[in-house]
Amino acid sequence: LFSKKYLQKFTIKHEVATGEDVYSYLYAVKNNLKTAFARKAIVRYRLPTTFRDYFRQMQRFLHTPSHVAKFFEPEFVFSHTDIPREVKIRSLWWGVKKYGITTAIAYCTMQVIAHVYGLLPYHQAERWSVATTTKKLV
C-alpha cells in the first residue's frame, strides 16, 4: 500500500517492465519517504510448479537489480537488494535441520542451475513470458 504523499510524488519510468516492486521501494527510500514492515499483512502467493516457470521467475529475479540500476545509482540499488551471506548461510542451515541434507542439496543444485540460466542474455521486453503456474488464484 502506498500513502497519499507517496502517490503524489511517485512516477514510474515506462521502461520498468519488471521489478516495479523493487523500483517503487527504492524510489521511496531515495526520496526520503517512509517505508514500513507490515507485520500483520497477509500475503498470498503461489510458487512455480514447473522447472520452466521457476527458471523464468528466477531469471527475472536475478536480473531485476541490474535492470533497476539503470534508474538509480548501482551502489544504492545493490546496497538495498543484496541478501547478506550470513543470512543465506543461516537460512540454508535452518533448511538442513528442518528438511534434511538431501533437500538442501537439491535446493542448492536448483539455485546453481537458476544462476547459470540467469547468465543467459535477458532481453527486457514490455511484456515478458509469464510464469503461468504462479498466476492461478489461491
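Is Lys30 buried, partly exposed or exposed? I looked it up: Lys30 counts as partly exposed, at 38% relative accessibility. (Buried means under 20% relative accessible area, exposed over 50%, partly exposed in between, with a 1.4 Å probe and protein chains only.)

I noted the basis next. This is a predicted model, where local features need pLDDT of at least 70, side-chain atom pairs count only at pLDDT 80 or more, and totals for chains, interfaces and linings use all residues. Residues are numbered from 1 along each chain as its sequence is written, and side-chain values use heavy atoms, with hydrogens and water left out.

Salt bridges. I found 2 in the structure. (The term means a side-chain nitrogen of Lys or Arg within 4 Å of a carboxyl oxygen of Asp or Glu.) Lys30 pairs with Glu73, N to O at 2.6 Å. This pair links distant parts of the chain, 43 residues apart: Lys30 is in helix 2 (residues 20-30), Glu73 in the loop between helix 3 (51-68) and helix 4 (74-81). (Helices are DSSP runs of H or I, at least four residues, numbered from the N terminus.) Glu73 is partly exposed too, at 38%.

I then checked Asp53 and Arg56, which meet at 3.6 Å, N to O. They sit 3 residues apart in helix 3, so about one helical turn separates them. Asp53 is buried at 3% relative accessibility. Arg56 is buried at 17%.

Contacts of Val77. I set aside neighbours within four places in sequence. Val77 is then in contact (heavy atoms within 4.5 Å) with Leu26, Pro65, Val68, Ala69 and Phe72.

Note on methods: Helix = DSSP H or I, 4+ residues; strand = E, 2+ residues; numbered from the N terminus.
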